[in-house]
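Work through the exercises below on aromatic rings and their surroundings. Each task is followed by a solution in steps.

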Amino acid sequence: MATSEDADHQVTVVDFWANGFGMRARIALRELGVAFRYVEEDLRVRERSELVRRMNPVHRSVPILIHGGRPVCGSVNILQYVDEVWGPTLFPRDPLQRAHARFWADFVDQKVFSTQTRFLKSKGDEKEAAKGELLEQLKRLEEVLGDKTFFAGDEFGFLDAVLIPFSSMFHGYEQHGGFDLDVECPSLMSWVRRCKERKSVKGVLPDEDKMYELHKKWYGIE
């Protein structure tokens with residue numbers, strides 16, 4: 001990781017180790033070979049640090065990419081910035097394919113993440129309904145993947161970086177819901193294993209048991 005104190009060139013990522021949205025930024029930077037300094041922001045603490053308040057005064061959230069002293073906020077926004085500055089290799093070159101990738105990234109953020117939250121927090125019939133929706137959404141993503149190696153084809157790209165952090169909770173989904181994703185979504189799980197072979201991904205994804213234990217505390221799961 002970069003250790004230079006030259007503010008004109010230094011790249012810093014402010015994030016929490018278990019933040020799936022922030023993992024995207026770290027994976028993308030590693031994919032493109034960009035050295036960066038990592039600053040941990042513990043999201044288990046209610047009050048945000050002075051650095052976060054200063055660099056993201058509107059939302060006071062992470063991840064934050066700081067490049068040359070200037071912040072870029074929002075995980076998808078960061079991926080686009082990283083690709084424009086150090087790429088282009090993450091986003092498809094074809095405009096229609098780029099729009100397609102952004103559509104499914106929004107599906108992950110707006111649908112899958114909210115369903116995950118309901119699935120983990122709810123009980124009884126509501127939990128069963130959320131489980132069914134979550135599996136349906138993962139199967140929909142599996143259809144988008146098809147028989148391709150990665151979502152854009154043969155090369156790891158934007159939509160892979162968007163979704164692969166969620167796989168760190170797949171073990172938790174299985175434990176919580178009593179199902180086997182290798183049975184439910186075999187092609188998607190094969191994609192997960194291919195992604196995990198990459199140094200960029202392997203060096204970022206956290207231990208799955210620790211992720212589930214953290215979310216159990218967050219959501220009051222017994």
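Buried means under 20% relative accessible area, exposed over 50%, and partly exposed in between (1.4 Å probe, protein chains only). The model is predicted, so local features need pLDDT of at least 70 and side-chain atom pairs pLDDT 80 or more, while totals for chains, interfaces and linings use all residues. Residues are numbered from 1 along each chain as its sequence is written, and side-chain values use heavy atoms, without hydrogens and water.

**Exercise 1.** Classify the pair formed by the rings of Phe16 and Trp17, and state the accessibility of Phe16 and of Trp17.

Solution. Rings of Phe, Tyr and Trp (its six-membered ring) pair if their centres lie within 6.5 Å; planes under 30 degrees apart are stacked, over 60 edge-to-face, the rest tilted. The count by this rule is 14 aromatic pairs. For Phe16 and Trp17 the centres are 5.6 Å apart and the planes at 55°, so this pair is tilted. Phe16, at 0% relative accessibility, is buried. Trp17, at 25%, is partly exposed.

**Exercise 2.** Describe the pair of Phe16 and Trp218, and locate both residues.

Solution. The centres lie 6.0 Å apart with 50° between the planes, a tilted pair. Phe16 is in the loop between β1 (11-15) and α1 (20-31), and Trp218 is in helix α11 (residues 208-219), so the pair ties together parts 202 residues apart in sequence. Helices (H or I, at least four residues) and strands (E, at least two) are DSSP runs, numbered from the N terminus. Trp218 is partly exposed, at 37% relative accessibility.
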